[in-house]
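Trainee: I am new to this one. Can we go through it together, one question at a time?

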Amino acid sequence: MSQAGSASPLFAVVLAAGKGTRMKSNRAKVLHTLCGVPMVNYVIGAIRPLVPERLLVVVGHQADQVRAVLPEDAEPVLQPEQRGTGDAVRVALGAIPEEEGVLLVVNGDGPLISDRTLGELLERHRSVGVGATVLVAELPDPSGLGRVTEDAGVVRITEERDATEAERQNRLCNLGLYAFELPELRRAIEEISSDTGQGELYLTDVLEIIGRRSRAVTYRLKDLEEANLVNDRSQLARAEEILRRRILDAHMKEGVTVRDPVSTHIEASVEIGRDTVILPGTFLRGKTRIGSDCVIGPSTDLVDTVVEDGAVVEHSVGRGARVGPGATVGPYAYLRPGTVLEEGSKVGAFCEVKNTRVGARSKVPHLSYVGDAEIGEDANLGAGTITANYDGTKKHRTVIEDGAFTGVNTNLIAPVTIGEGAYLGAGSVVNKDIPPGKLAVGMPARVIRDAPGARSEDRPRAKTEG
């Protein structure tokens, strides 16, 4: 066993192999997300600042899916058959050839644990020079957790399902976080029995074995909020609420105004600039990035969307879109993937835009569908303008050049180009290109004269059929 104060190498293992039957889910428990992040990755994030020599994650149930969400610095280790936490740690030990060092063991269902607490647990373990240290907390409601007793260097943990009624009255609980001396753990793990009625090996059983040889101690959690483990959907919601509040508090400390934190949901990966105002009922998710001095909401839902400085997005939905500086969106607009709004542009009420670039200062004010289009600068689309981009087999693009104007209820049958400064009359159905600077009307639209205000240089040099 290492001496007190020694700086022996640190290794870490996250237990993430279980199914989590109380979740009543087809998905492994550690894959459930909180504020957009898989549960297991919060635990990994708390361990990372301790800089372990290696960070192992024991996977089992839905192993491939769990491996897929792990960060690059986490090494998955397969537990082929889920036979309890003791067997999971035995599998992890097989991947650590070192004979000396400290092994930090953390359950993957504790997303609220902090690097500060893990560091204090490790410091406590090293400073007293014992074989094992376990994190505990005295909880008002210990339901579902193992109960802890400590006596003269021996720590005993009784799982709730194996506990007597008297033992269940004990509110000192095991939180599933341990620091072990590697040599002591290797010896003890071979001595534990699977005679539990469940056919499982409990890691908790090694504490009593280690305690009789080289002492085991407890370390009490200081922030009881971190004791919110996730075993069912109710606990998942409780943990997510705490994480959501932490995220909102962090943004507000950096200069973001959140008018109603109770109704605002911001995922962990979202970035927001200072002096932006987030109004009630707003959801910001995925890789969304919001600039400075923006107004987002109310009732806005953005996923993987970029909103640049000074833009306004009101009562709208964005998916994989980009909203440029000073642009305005909504109310009740839908920006689908591939939409790019340039500086000062507008997409207004009840509009849907997909895979389209809207040029600087151009407007799609209301009641329009624009898909697979390129709109130049200073263009204006009248209410009810539709780009008919799909012929039943293929998608086609529409080009609307700088300064073009479409009247209300205009249908643009792609592929088609509306030339610079062209003007379309109300109700036009356009199925061929309109030259620059021309006015076209009708079904199908025909060029009848120069557009209002057309400059002479806009007029085509060659004769164009109407």
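Trainee: How many of the ten residues of helix H3 are buried?
Mentor: This is a predicted model: local features need pLDDT of at least 70, side-chain atom pairs count only at pLDDT 80 or more, and totals for chains, interfaces and linings use all residues. Residues are numbered from 1 along each chain as its sequence is written, and side-chain values use heavy atoms, with hydrogens and water left out. Helix H3 spans residues 85-94 and is mostly covered; helices (H or I, at least four residues) and strands (E, at least two) are DSSP runs, numbered from the N terminus. Buried means under 20% relative accessible area, exposed over 50%, partly exposed in between (1.4 Å probe, protein chains only), and in H3 the buried count is seven.

Trainee: Which helix is among the elements that cover the buried residues of H3?
Mentor: The buried residues include Asp 87, Val 91 and Leu 93. Contact means heavy atoms within 4.5 Å. The cover includes strands E1 (10-16), E4 (54-59), E5 (75-78) and E6 (102-107), and also helix H6 (182-189).

Trainee: Why is helix H1 largely enclosed by the rest of the structure?
Mentor: Look at residues 39-47, which make up H1. Among its buried residues are Met 39, Tyr 42 and Ile 47. H1 is largely enclosed because its buried residues number eight of the nine.

Trainee: Glu 267 is buried yet has no salt bridge; which side chain of opposite charge is nearest?
Mentor: Glu 267 sits in the loop between strand E13 (265-266) and strand E14 (271-272). Lys and Arg count as positive and Asp and Glu as negative; His and the chain ends are not counted. A salt bridge is a side-chain nitrogen of Lys or Arg within 4 Å of a carboxyl oxygen of Asp or Glu. The nearest side chain of opposite charge is 5.0 Å away, and it is Arg 285.

Trainee: How far apart in sequence are the parts tied together by Lys 222 and Glu 120?
Mentor: Lys 222 and Glu 120 form a salt bridge, with the closest N and O atoms 3.6 Å apart. Lys 222 lies in the loop between strand E11 (216-220) and helix H8 (233-253), and Glu 120 in helix H4 (residues 115-128), so the parts they tie together are separated by 102 residues.

Trainee: Which residue meets Arg 156 in a salt bridge?
Mentor: Arg 156 lies in strand E9 and its partner in helix H7 (residues 205-214), so the pair ties together parts 52 residues apart in sequence. The bridge is 3.3 Å, N to O, and the partner is Glu 208.

Trainee: How many aromatic pairs does the structure hold, and what is the plane angle for Tyr 178 and Phe 180?
Mentor: Rings of Phe, Tyr and Trp (its six-membered ring) pair if their centres lie within 6.5 Å; planes under 30 degrees apart count as stacked, over 60 as edge-to-face and the rest as tilted. The structure holds three such pairs. Tyr 178 and Phe 180 are stacked, 5.5 Å centre to centre, with a plane angle of 20 degrees.

Trainee: What is the relative accessible area of Phe 350?
Mentor: Phe 350 is in the loop between strand E27 (346-349) and strand E28 (352-354). Phe 350 counts as exposed, with a relative accessible area of 52%.
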